[in-house]
Amino acid sequence: MAVSLQDRYGSLVDAKLRYTIVQKVGSVWNNKYEGNPKAGAVKIPVRDTEATVAAYSKTAGAAKTFTNGSFATLNITKDYAVNEVIDNYDVASVPDNIVADRVDSAGYSLALQINTDATAALIDGGTESSDTAALTKTTVYDAIVDARTALSTAKVPAQGRYILVTPTVMALLIKSPEFIAASNLGDEVKESGAVGRIAGFTVFEDATLAGIKSKATNDVEFIAGHPDWCCRVEEWAVEPHVQDLNGSGDYIGACAVQGRKIYDHMVTKAAAVYIKAHA
């Protein structure tokens with residue numbers, strides 16, 4: 001009985017797959033929207049107003065108010081794919097199965113693209129700090145407390161806040177006495193990819209921030225925010241897999257590593273995303 005390409009390489013792929021997005025839904029982003037992404041656009045709740053509270057009278061009740069929350073339109077514009085042809089003859093001559101390695105690489109590369117685009121959306125939609133001094137071991141905690149104060153002033157909930165840091169800032173945090181190591185986090189938090197907590201923020205080390213410029217063309221050091229105002233739509237995908245190309249009309253004895261992701265991001269409240277960068 002013939003063995004399918006997926007069965008042939010599946011166990012190796014499962015053992016190696018690095019498909020991981022640092023900026024996960026639930027930790028950094030939410031997926032609350034109205035509409036069908038396949039239509040090319042969805043409606044995102046802006047959450048820019050709160051319900052009105054009025055005095056209540058036992059005889060007259062309370063004055064009626066009307067809901068005035070608004071929605072923003074998010075056009076789904078990001079469409080990326082991997083379509084890498086591999087000759088099965090070459091595979092047979094290469095140890096440590098090359099196909100499994102390329103499926104792994106496809107998953108990683110697509111995840112990295114999503115994360116990179118997510119970073120760009122946070123920077124574009126957030127608010128940059130006026131403090132442009134480079135962080136040091138002695139100033140990093142104070143800077144994060146400033147971010148905490150800014151979010152609290154903007155009435156961003158304390159529960160659920162995140163902070164994304166570059167590898168360089170992560171090194172400063174590790175040397176900071178205020179940093180709580182990942183071993184003190186609960187299992188559920190650690191499964192999200194978090195590496196610790198500080199000043200009420202769950203900390204994620206995000207390498208896609210390294211070398212990224214802010215809107216003011218400064219070097220981003222960290223981004224702090226809350227997922228309630230950061231929306232990701234990622235409802236259509238073809239996960240990385242091995243596709244047999246026999247019968248394609250062009251390739252004989254070959255397969256392809258294929259995968260595709262369609263998605264987009266939106267920040268609906270600039271004050272809910274705080275960006276620290278240095279000149």
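Biologist: Is Asp90 buried, exposed or partly exposed?

Modeller: In this predicted model, Asp90 has a relative accessible area of 43%. A residue counts as buried under 20% and as exposed over 50%. The value for Asp90 falls in between, so the residue is partly exposed.

Biologist: Where is Asp90 found?

Modeller: The residue belongs to an element that spans residues 88-92.

Biologist: How many Å apart in space are Asp90 and Ala254, C-alpha to C-alpha?

Modeller: Along the sequence, Asp90 and Ala254 are 164 residues apart. In space, their C-alpha to C-alpha distance is 9.3 Å.

Biologist: Which residues make up the covered face of strand 1?

Modeller: In a regular strand, side chains alternate between the two faces of the sheet. Strand 1 covers residues 41-45, and Ala41, Lys43 and Pro45 form its uncovered face. The covered face consists of Val42 and Ile44.

Biologist: In which sense do strand 1 and strand 2 pair?

Modeller: Strand 2 comprises residues 71-75, and five bridges join this strand to strand 1. The sense of the pairing is antiparallel.

Biologist: Which residue stands opposite Val42 in strand 2?

Modeller: Strand 2 has an uncovered face of Phe71, Thr73 and Asn75, and a covered face of Ala72 and Leu74. Pro45, on the uncovered face of strand 1, has Phe71 as its bridge partner. Val42 belongs to the covered face of strand 1, and the residue opposite Val42 is Leu74.

Biologist: How many salt bridges does the count come to?

Modeller: Side chains of opposite charge can pair when their charged atoms come close. The cut-off applied here is a side-chain nitrogen of Lys or Arg within 4 Å of a carboxyl oxygen of Asp or Glu. By this rule, the number of salt bridges is eight.

Biologist: How many residues apart in sequence are the parts that Asp264 and Lys78 tie together?

Modeller: The side chains of Asp264 and Lys78 meet in a salt bridge, with 3.8 Å from N to O. Asp264 lies in strand 11 (residues 254-267) and Lys78 in strand 3 (residues 78-87), so the separation in sequence of the parts tied together is 186 residues.

Biologist: Is Asp264 buried or exposed?

Modeller: The limit for a buried residue is a relative accessible area under 20%. Lys78, the partner of Asp264 in the salt bridge, is partly exposed at 22%. Asp264 has 6% relative accessibility and therefore counts as buried.

Biologist: How many Å apart are the closest N and O atoms of Arg260 and Asp79?

Modeller: Arg260 and Asp79 form a salt bridge. The pair links distant parts of the chain, with Arg260 in strand 11 and Asp79 in strand 3, 181 residues apart. Arg260 is partly exposed at 32% relative accessibility, and Asp79 is partly exposed at 41%. The distance between their closest N and O atoms is 2.8 Å.

Biologist: What is the relative accessible area of Lys261?

Modeller: Lys261 and Glu239 meet in a salt bridge of 3.0 Å, N to O. Glu239 lies in strand 10 (residues 230-244) and Lys261 in strand 11, so the pair ties together parts that are 22 residues apart in sequence. Glu239 is partly exposed at 42%. Lys261 is buried, and its relative accessible area is 3%.

Biologist: Which residues gather with Asp142 in a patch of negative charge on the surface?

Modeller: Asp142 lies in helix 4, which spans residues 140-153. A patch residue needs over 30% relative accessible area; Asp142, with 49%, is partly exposed and therefore passes this limit. The residues that gather with Asp142 in the patch are Asp131, Asp146 and Glu178.

Biologist: Near what value is phi of Lys155?

Modeller: Lys155 is found in the loop between helix 4 and strand 5, and at 70% relative accessibility Lys155 counts as exposed. Its phi is positive, in a residue other than glycine, and is near 60°.

Terms used:
Residues numbered from 1 in each chain as written. Predicted model: local features only at pLDDT ≥ 70, side-chain atom pairs only at ≥ 80, totals over all residues. Heavy atoms only, no water. Patch = residues over 30% accessible without salt bridge, like charges linked within 9 Å, V, L, I, M, F, W, Y side chains within 5 Å. Areas by Shrake-Rupley, 256 points an atom, 1.4 Å probe, with all protein chains shown as cover. Lys, Arg positive; Asp, Glu negative; His and termini not counted. Charge placed at Lys NZ, Arg CZ, Asp CG, Glu CD. Helix = DSSP H or I, 4+ residues; strand = E, 2+ residues; numbered from the N terminus. Buried < 20%, exposed > 50% of the residue type's maximum accessible area, 1.4 Å probe, protein only. Pairing = 2+ DSSP bridges.
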